[in-house]
Amino acid sequence: MSIRYSKSTLSLKTSEIREILKLTEQPDLISFAGGLPAPELFPLDKIIEINKEVLETSGRAALQYSITEGYKPLREIIAKERMGNANVKTFSDNILITNGSQQGLEFSARLFIDKGDIIICESPSYLGAINAFDAYGPKYIEIPMDEDGMIIEGLERALEEHPEAKMIYTIPDFQNPSGKTLSVKRRKQMVKLSEKYNIPIIEDNPYGDLIFEGKRLPAIKSFDTTGHVIFLGTFSKTFCPGIRIGWVCADKEILNKYIMIKQITDLQSSTVNQMELAAFMEKYNLDEHIDEIIKVYKNRRDLMLDSMKKYFPKEVEFTKPKGGLFTWVELKEDMDSVSIFKEAVAEKVAFVPGISFFPNKDHHNFFRLNYSNMEETKIIEGIKRLGKVLYKHYN
C-alpha cells in the first residue's frame, strides 16, 4: 500500500523484546520473563462484591463521563494513603489519574522531550520507559549504578557537561530490572542537583510498597520543596494490573500540563474502575492485602536466589533485591544473553535478555529474571534448566 504515514509513525519500531517474548507462549515453557504479579493473589471475590455494590448504588454515575483529573474520592485516598506511605505530604489537587503508570511515562515524554534532547537515566533502565521515550527521538546518558543505586558523582558530572538535559528518569525502589534501591542520602543529593540545574526528576515508583526487608524509604518526592520531582505511581503491582489505574503526583503548574495532555489523549480514565477501586480501599485495607502479596513474593525471591546459588555456575553474579519483582543476572563479558535466551527456550525456560534495558544498546551479558509470577516448584525446575544451559558456557 502507498498510504502516507507521518514521519513519527514511520520511525516507530516493533519492540524487539516483544518479538523475542513471543517465543515464550509455549504452554510447557517456564517463563521468568514478564513482570507480572501473581494472579492467584488478586482479591477476586472482594472485587466481584465491590463491583456489584458500585453498580447498584452509583451505576449511572459510574458509567458516565467524569473529569479528566479523575474521581475525587480516589485521588483523596491516593494523596492521603498511598503518597503518605511514601512520606509525601500532598493533596488530591496534585493527583492525576492515568491509565497505568505507562501512560504517565508517555505523557512525561510528550511533555519534556523534543528530538535530540538528552535524558539522564540509570544504566540499566526500564525498557517500557525507554520505548515510550524513544518515540520522541532523545539521546541518553546512562549513569552507572552500585548497590546504593545511581552513582551521584556520575549524575553530577553528566549535568555539568550537559546542563541542557531535559529530565532525570529513575526507579528508586527495587529498580526494574536490577532490583537495586537508591539510598536516602542519594535521594537527597539528587533533589539538590535537580534544583541546582533546574531539571525535573521523573520518579517512577511501582514497587515501593513491595518491601521484604526493613522499612520503606521516603520517596524522592518527599524531599522536594521546589516542585522539580514528578512521582508516577500505579496499582498494577499491588492490586490488579487489568484495571489500568496509575497516577501522577506533581506540582500544580506541572500537573496542569499533564492534565491537558490527558484531555487530548483519552479525556479520562475509566470512571467505573476508579469508583470500584476507591470503594475497595474505603471498605478494605489495601496495606493488609499488600502484606499478603509480600509474604508470597519474599518466599519466591528466597527460593529463586537459593536455587541460583545451587544450580548456576559459581562465576554467575546476580542481585539480591530487598523487594520488588526482579533479580538481575550478570554473565561473562563475552557472552550474549540473546543467544543464551534461544538456547534456554529450547530447554523450555525463558527470561528477558538484558540488551533492551540499556538505551544505548551497549551491554550484552545481562538478563532479568522475575520471581513473582511463577509457583514454587516451577521456580526450582526453571532455574535447574537455566543452570544446565549456562554450564555449557562456563565449563
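This is a predicted model: local features need pLDDT of at least 70, side-chain atom pairs count only at pLDDT 80 or more; totals for chains, interfaces and linings use all residues.
Salt bridges come up a lot here: a search of the whole structure turns up 23 of them. Take D28 and K348, whose side chains meet at 3.7 Å, N to O. D28 sits in the loop between α2 and β1 and K348 in the loop between α12 and β12, so this pair ties together parts that are 320 residues apart in sequence. Both ends are partly exposed, with relative accessible areas of 45% for D28 and 27% for K348.

Helix α11 (residues 286-311) supplies a partner for E40, namely R300. Their side chains form a salt bridge at 2.7 Å, N to O. Since E40 belongs to the loop between β1 and α3, the pair links parts that are 260 residues apart in sequence. R300 is buried, at 4% relative accessible area. R301 pairs with E213 at 2.8 Å, N to O. R301 lies in α11 and E213 in the loop between β7 and β8, so parts 88 residues apart in sequence are tied together. R301 is buried at 5%, whereas E213 is partly exposed at 35%. Elsewhere, R82, D209, R216 and D287 are linked in a salt-bridge network.

Some acidic side chains instead make up a negative surface patch: E317, E330, E333 and D334. E333, in the loop between β11 and α12, counts as exposed because its relative accessibility is 75%, over the 50% cut-off.

As for burial, helix α6 (residues 127-134) is mostly covered, with 6 of its 8 residues buried, among them I130 and F133. T68, in the loop between α3 and α4, is buried too, at 10% relative accessibility. A polar atom of the T68 side chain lies 2.8 Å from the backbone oxygen of L267.

Terms used
Residues are numbered from 1 along each chain as its sequence is written. Side-chain values use heavy atoms; hydrogens and water are left out. Buried means under 20% relative accessible area, exposed over 50%, partly exposed in between (1.4 Å probe, protein chains only). Helices (H or I, at least four residues) and strands (E, at least two) are DSSP runs, numbered from the N terminus. Patches are made of residues with over 30% relative accessible area and no salt bridge: like charges are joined within 9 Å, nonpolar side chains (Val, Leu, Ile, Met, Phe, Trp, Tyr) within 5 Å. Accessible areas come from the Shrake-Rupley method with a 1.4 Å probe; for residues, only the protein chains shown count as cover. A salt bridge is a side-chain nitrogen of Lys or Arg within 4 Å of a carboxyl oxygen of Asp or Glu. Lys and Arg count as positive and Asp and Glu as negative; His and the chain ends are not counted. The place of a charge is taken as NZ of Lys, CZ of Arg, CG of Asp or CD of Glu. A polar contact is a pair of N or O atoms within 3.5 Å; within protein, one must be able to donate a hydrogen and the other to accept it, and residues adjacent in sequence count only if both atoms are side-chain atoms.
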